[in-house]
Amino acid sequence: MPLLALTGGIASGKSTISGFLAAKGAVVVDADAIVREVQAPGTPVLDGIAAEFGPEVLRADGSLDRAALGARVFGHPDRLAALNALVHPAVRAESVRRFRAALDADPEAVVVYDVPLLAEARAGDEWDLVVVAHAPAAVRVRRLVETRGMSEDDARARIASQVSDDERLALADVVIDTAADLDATRRQVDELWARVTEAG
């Protein structure tokens with residue numbers, strides 16, 4: 001079972017690559033989806049977040065108010081570290097459970113862990129390949145402005161808040177350049193798929 005980590009900064013095209021790989025038959029484990037699940041009402045993680053950051057980070061229905069939490073941690077490395085200490089262990093445990101389930105279901109499966117915070121949280125884990133979606137910052141800013149309605153300043157701030165491109169690229173076994181059109185990205189995914197399946 002090849003286990004790939006797929007990462008990339010905001011608006012890097014990571015989700016597009018993940019979708020192409022899923023269409024080829026890869027089992028995609030989505031770290032963001034796991035984060036939402038482990039932070040659901042009634043979970044120990046959400047209880048810990050409320051205890052650490054105050055009840056103001058909860059909505060009236062008991063769910064997490066992500067904007068309120070984000071306002072408390074954005075630009076505050078110590079607060080972000082406290083949040084990560086609550087969330088990352090639960091995400092790690094659930095992702096490993098899903099990797100094992102995929103292997104049990106099909107020992108030949110290609111498993112892709114779609115993980116934005118690889119460099120921040122999982123860089124030291126054992127991956128068969130680390131795949132980095134990459135586009136220049138100017139391209140990503142344009143995407144954020146055009147597709148997510150951000151101001152240019154907000155887009156640049158979001159990109160600056162993440163690890164640098166150099167840090168992500170230093171982890172890469174494969175870099176998929178998403179700056180061109182979708183066909184170019186698809187061709188690179190085809191090459192990756194051939195490499196992974198032939199190696200397996």
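This is a predicted model: local features need pLDDT of at least 70, side-chain atom pairs count only at pLDDT 80 or more; totals for chains, interfaces and linings use all residues.
So, let's start with strand 2 and strand 3: four bridges join strand 2 to residues 111-114, which make up strand 3, and the two run parallel.

Okay, zooming out a bit. Those two strands belong to an open sheet of five strands, ordered 2-3-1-4-5, and the pairing is parallel. Which strands sit at the edges? Strand 2, residues 27-30, and strand 5, residues 174-177, are the edge strands, and each of them pairs on one side only. On average, neighbouring strands here are turned by 25 degrees against each other, if you ignore direction. For anyone new to this, strands of a sheet pair through backbone hydrogen bonds, and they can do that parallel or antiparallel.

Now, what packs on the sheet? Helix 1, residues 14-23, does, and it touches strand 1 (3-8), strand 2, strand 3, strand 4 (129-134) and strand 5. The direction of helix 1 makes about 150 degrees with that of strand 1. Helix 5, residues 77-105, packs on the sheet as well, touching strand 1, strand 2 and strand 3. Compare directions there, and helix 5 makes about 160 degrees with strand 3.

Let's stay with helix 5, and look at its helix partners. A quick reminder: two packed helices are described by the angle between their axes and the distance between the axes.

Take helix 3, residues 44-53. The axes of helix 3 and helix 5 come within 10 Å and cross at roughly 165 degrees. That angle is over 145, so helix 3 is roughly antiparallel to helix 5. On the helix 3 side, the contact uses V45, G48, I49, E52 and F53, and on the helix 5 side you'll find R79, A82, L83, L86, V87 and A90. By class, that's eight nonpolar residues, one polar and two charged. The crossing of helix 3 past helix 5 is right-handed.

Next up, helix 2, residues 31-38, whose axis comes within 9 Å of the helix 5 axis, crossing at roughly 120 degrees. Helix 2 and helix 5 are therefore oblique to each other, and this crossing is right-handed. From helix 2 we have I34, V35, E37 and V38, meeting V87, A90, V91, E94, S95 and R98 of helix 5. Sort the residues of that contact and you get six nonpolar, one polar and three charged.

Click on A137, R140, V141, L144 and V145 in helix 7, and you'll see them meet E152, A155, R156 and I159 in helix 8. The contact of helix 7 with helix 8 has six nonpolar residues, three charged and no polar ones.

Last topic, salt bridges. How many are there in the whole structure? The search finds 13. One of them joins E56 to R72, where the closest N and O atoms are 3.7 Å apart. E56 is in the loop between helix 3 and helix 4 (66-73), while R72 is in helix 4, so the pair ties together parts that are 16 residues apart in sequence.

Technical notes. Residues are numbered from 1 along each chain as its sequence is written. Side-chain values use heavy atoms; hydrogens and water are left out. Two strands pair if DSSP finds at least two bridges between them. Axes are lines fitted to C-alpha atoms, for helices over the stretch in contact, and angles run from 0 to 180 degrees between N-to-C directions. Contact means heavy atoms within 4.5 Å. Ala, Val, Leu, Ile, Met, Phe, Trp, Tyr, Cys and Pro count as nonpolar, Asp, Glu, Lys and Arg as charged, and the others, Gly among them, as polar. A salt bridge is a side-chain nitrogen of Lys or Arg within 4 Å of a carboxyl oxygen of Asp or Glu. Angles under 35 degrees count as roughly parallel, over 145 as roughly antiparallel, 65 to 115 as roughly perpendicular and the rest as oblique. A crossing is left-handed if the near helix is turned anticlockwise from the far one by less than a right angle, and right-handed if clockwise.
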